[in-house]
Amino acid sequence: MSDDPEFQYDDVEPLPISSDQEGELCQIMYDEEYRTVMGIARALLQRLEFSERALYATSQAIELVPAFYTMWNYRFQIVRTLYGADGVKLNCELDWLDEFTLNNPKNYQIWSYRQALLQLHPSPEFQRELPILQSMIDEDTKNYHVWSYRRWCVLFFREFSNELQFASSLIARDVYNNSAWCHRMFVLKNQVREGPPSEVLTGELHYTKKQIEIAPQNISSWNYLRGLYDEFLDGEADPAIIEFALSFAPGIFAVDISDFSSQIQSSYALEFLAHAYAKNKDTFAQARKAYQALSDHYDPIRKNFWAYKIRSLTT
Amino acid sequence: MAPTPILDERLTIQKHRKFLQRHLAILPSKHQEHEANKLAIVTYALIGLSCIGDPISEEYAASKKWLRRHYRVIGQGDSSIAGFFPSLYMDLDNALTISLTSTLFGLISLLCLKDHKFFNSDVDREGICRFVSKCHKPEAGGFSASLDIIAEDGFQPSKTDPDDLRHTYVAIAILYLMGCRKSSHFSQYVCLESLSSHVKEKACISGGFGQYGEPHAGYTSCALSILELISDRWDIFPDSFYDRTIEWLLQRQVSDKCPEMSGHEHFDPEDDGGFQGRENKFADSCYGFWCVNSLNILKTSQKVGNEYQNGLSEYLINKTQNSLLGGFSKNDNEDPDLYHTCLTLAALSLMSGEFDGSLFLPRKVADTAKSQLIAP
């Protein structure tokens, strides 16, 4: 830390880290750098110093222990004291955070710290957030914290216009990306209070069917399809969608199940059909057949669950 | 009385014991980055050792005092708050450094070491509950894991902490260990109405719980454990949602016997029997614990039996156990680590009925905590 010419800490007595205490567990062999950095950062915190050099000291401490919530909070108090609601200064802090984020992708304190900064900022911008979100998603397309942060931003800025397209671009890269499919549903459920207009729904049904044709054995796209019906179409599967699902499990309701051994393209198509058929007494027989086929051939690991579904049909 | 061990001859118990004990001993400097989670390390190692039947309350009796030194009461009388900080060197007079997570891990560790005196007479029970209360964010329903370091206008929930279901679970588990057993107890410290809306907000349409509609087995376990501990608020969801959640959870068990998934980069037939945390992800040993705990809470065995657990045991023991170094890894090709070792042993223990998943304690320790210590 003392090698940074900008800041002097000569007047700061580093707080020592004592070790080798009676009954101590997990006795960590701290190295010298660690002792110095933590010694100074803690000494400054102890005297509640809010200064540029203290800000720098927290960055050093956070580099060494990224999960140290106390240091993040101290840093935020320094930023608030020094910069208040100065947008230019807060952007510099966001720049620092971008850099830190790229080097510590798995840390989750970074995102809540970011939210605190944006809430302090006089004129936060969604555009400012997009590059870091993009690089983090590029690095790990299913990073849960990054997706959560993106959705928080979308709600914070009420900016939905680019989101379906964004989800599509991730689905085009990997049709099995469940986060991207969930993001689509998040948009539909939150963009318009009374639900998506019918032309959007028609578009979504068309899009989903196309993605299912590309990869029929994909739980994410089938869940999304079922979500569209359950959330926005009264849960009623229409003949066209039944026909569509049947095309991935051809002939399954025509033959005797006991000698059925042909390959189908999608067990999720079968589940979709079973779910639709289980809603109506008149089609219980088909539902039973679908569950039995899942149990015997296409999803035997869950056979007790499918048996339970069959038992539930009588009630 | 020693804890009840998991009995399975395929487990290389000696190696696991060494692996776990190593984490409680002297650690090289690369572990210094985990300083903020030190009490988590202690807890994971102690719980792991309990699961294999080690008499840790005797072996580590000398550490009770050291653990207690992480406990601090701030302020006095009716306005005191109390909790644990993660590391002795974060004991600073001018800054609030106690956290909910460290507090839960500190309490769990002391329970495992049978420091009953701490619970029966020494702890400032109201102070700990008040600390939980101060971390609560009634407008959002959740909790920050700590407080703003400076109490300008009284204690304030930290503005820089995440406030997701993990911390809500931690807060509720602490209150439970401090004697809360039903909603009328919990509501003395937290606004249960806003907490309920916060939990409901995390419910996903396909079943399960997660952030912004994306279900996740870890959050699902947190949410269901919260309901289990509060005990009388199951009515915030219709039965159909719990059914849907059972289905979602069972679907997390990876199978190699399904139609082909062309071009799927996150499917590995070697994962058969293991559980994944989310749709279309690889299996990971820790989700075995989170899913089985969730399924147990929902009394799934009454509907579908326990047979699904056989596949999981096979997966955990045959694929994630490292019989050379000891410990368990997240899958069949990573190095073993403490977290996955603890969670895997806890999952095996849970499946043999010897673990309380919602309190994250060995069954016997949980039973003692429930009946003898801090009875409501």
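Reader: In which sense do strand 1 of chain A and strand 1 of chain B pair?

Author: In this predicted model, strand 1 (residues 27-28) of chain A pairs with strand 1 of chain B in the parallel sense, over 2 bridges. Within that pairing, Leu27(B) is the bridge partner of Ile28(A).

Reader: How many residues does the contact take from chain B and from chain A?

Author: Chain B gives 66 residues and chain A gives 68 residues. On the side of chain B that touches chain A, the elements giving two or more residues are helix 1 (13-24), strand 1 (26-27), helix 2 (38-51), helix 4 (63-68) and helix 14 (301-304). The residues of that side divide into 24 nonpolar, 25 polar and 17 charged.

Reader: Is helix 9 of chain A largely enclosed or largely open?

Author: A residue counts as buried if 20 or more other C-beta atoms lie within 10 Å of its own. In helix 9 of chain A, 11 of the 14 residues are buried, so the helix is largely enclosed by the rest of the structure. Among the buried residues are Trp181(A), His183(A) and Phe186(A). Their cover includes helix 7 (144-157), helix 8 (163-173) and helix 11 (219-232) of chain A, together with strand 5 (214-215) of chain B.

Reader: Which feature does UniProt place at residues 11-352 of chain B?

Author: The unreviewed UniProt entry places "domain: Prenyltransferase alpha-alpha toroid" there. Over residues 11-352, chain B is 48% helix and 4% strand, with its end C-alpha atoms 14 Å apart.

Technical notes:
Residues numbered from 1 in each chain as written. Chains lettered and ligands numbered in written order. Predicted model: local features only at pLDDT ≥ 70, side-chain atom pairs only at ≥ 80, totals over all residues. Contact = placed C-beta atoms within 7 Å. Nonpolar A, V, L, I, M, F, W, Y, C, P; charged D, E, K, R; others polar. Pairing = 2+ DSSP bridges. Buried ≥ 20, exposed ≤ 12 C-beta atoms within 10 Å, placed from the backbone. UniProt positions renumbered as here; feature names shortened; annotations may be inferred.
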